[in-house]
Amino acid sequence: MRILVTNDDGIAARGLWALVRELRRVAEEVVVVAPDRDQSGIGTAVTLHHPVRVSPVPPEATRVESYAVEGTPADTVILALKTILKDKKVDMVFSGINEGSNLGNDVLISGTVSAALQGYFYGLPSVAVSVAAIKRVRFDIAAKFAALIAAQFAANDMPQKFLLNINLPNLPLNKINGVEVTRLGERSYMDNIKAGHDGKRKYYWIVRGKPDWKEVEGTDIWALGQNKISITPLQSDLSSQGQLEPLDRAFPALFQGLKEGDKVKRSRRG
Ligand code: MN
């Protein structure tokens, strides 16, 4: 089995290497292609307006084939699959281990999840892993859990294509209350703006305030609140099923209005 590992915290992040160490125990080959710097919050962005450079990292430093990419997490997966590992079969993609949780609405701006999403777009089983802490983050359990998932996949015990968003509480194993398969919860941030002046121009920092969430049973946010590991299967279809029918009733009339408005204009001109 060959596993591609990436992240959004950058190639120097501790969580990435903790993950690599454990995955090497279960996979014949682990290849790291990761952003050269912290790209947290960059979401699904793909670099289209300037070239993307790739620097191999000396293998004696990392003990696995590694590349630093001057680009986004999504870029790293695209370059890995289309260029760096073009002639090799990649079996799985792992992204992480992120410092900080990626729960609820966060998955839409998360670089960690977006890197896994790219793997999923290429038809590969892809897993994003995050630990819910930004200080004194412990990666050991998350890394071991990721390796167990890889081993289970290798044993043909899982579907061939999936996208999983995994979040772990920052706790020792004896304090974790189990695993919960969840749906996305709702979490929003009060964004704060800090303004300053650099001598020439005004600038702004967007500072994420304390998140506000609802602990609804069955959601990822709730599971973390219960000190459980949350596993959310994701899909890329964002269509709102519940709104299809009501909107289907409303919009044909609007189109009629569009046509009639056009007629009115023409008749005026005529
Ligand atoms: Mn991050």
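Strand β4 (residues 65–69) is largely enclosed by the rest of the structure, because 4 of its 5 residues are buried. Buried means under 20% relative accessible area, exposed means over 50%, and partly exposed lies in between (1.4 Å probe, protein chains only). This is a predicted model, in which local features need pLDDT of at least 70 and side-chain atom pairs count only at pLDDT 80 or more, while totals for chains, interfaces and linings use all residues. Residues are numbered from 1 along each chain as its sequence is written, and side-chain values use heavy atoms, with hydrogens and water left out.

**The whole chain**

- The protein chain has 7 helices and 11 strands; helices (H or I, at least four residues) and strands (E, at least two) are DSSP runs, numbered from the N terminus.
- Of the 270 residues in the protein chain, 45% are buried.
- The C-alpha atoms of the chain fill a box of roughly 80 × 50 × 45 Å, taken along the principal axes.
- The chain is divided into domain 1 (2–186 + 213–238) and domain 2 (241–270), with bounds that come from an automatic or database domain assignment.
- The C-alpha centres of domain 1 and domain 2 lie 45 Å apart.
- Contact means heavy atoms within 4.5 Å. Among the chain's contacts with a separation of 6 or more, 76% are between residues 24 or more positions apart.

**Strand β4 and its partners**

- Two strands pair if DSSP finds at least two bridges between them.
- β2 and β4 run parallel and are joined by 5 bridges; within this part of the sheet, V32 stands opposite S66 in β4.
- Strand β3 (residues 54–57) runs antiparallel to β4, with 4 bridges between them. S55 has A68 in β4 as its bridge partner.

**The nonpolar cores**

- A nonpolar core is a set of buried Ala, Val, Leu, Ile, Met, Phe, Trp, Tyr and Cys residues joined through side-chain atoms within 4.5 Å.
- The largest nonpolar core has 43 residues, and M92 and F94 have the most contacts inside it.
- Elements that each supply at least two residues of this core include β1 (2–6), α1 (14–26), β5 (92–99) and α5 (140–154). The largest share, 9 residues, comes from α5.
- A second, separate core of 13 residues includes V33, V69, V93 and A115.
- In soluble globular proteins, nonpolar side chains tend to be buried together.

**Helix α4**

- Helix α4 is largely enclosed by the rest of the structure, because 10 of its 11 residues are buried. Among them are G111, S114, A115 and Y120.
- The cover over the buried residues of α4 includes β1, α3 (73–84), β5, β6 and β7.
- A polar contact is a pair of N or O atoms within 3.5 Å; within protein, one must be able to donate a hydrogen and the other to accept it, and residues adjacent in sequence count only if both atoms are side-chain atoms.
- At the start of α4, a side-chain oxygen of S110 reaches to within 3.1 Å of the backbone nitrogen of T112.
- S114 lies in helix α4 (residues 111–121), and S114 counts as buried because its relative accessibility is 2%.
- The side chain of S114 reaches the backbone oxygen of S110 at 2.7 Å. Not counting residues up to four places away in sequence, S114 touches G43 and T44.
- Just after α4, G123 takes a positive phi of about 85°.

**Ser126 in strand β6**

- S126 is in strand β6 and is buried, with a relative accessible area of 0%.
- A polar atom of the S126 side chain lies 3.2 Å from the backbone nitrogen of Y120, and the side chain of S126 also reaches the backbone oxygen of L124 at 3.0 Å.
- Beyond its neighbours within four places in sequence, S126 is in contact with residues including V93, A116, G119 and F162.

**The manganese ion**

- The protein donors of the manganese ion are D8 (OD), D9 (OD), S40 (OG) and N98 (OD1), at 2.0 to 2.2 Å from it.
- Donors are N, O and S atoms within 2.8 Å of the metal (3.2 Å for Na, K and Ca); water is not among the atoms, so sites may look incomplete.
- In sequence, the donor residues are spaced D-D-x30-S-x57-N.
- Both D8 and D9 are buried.
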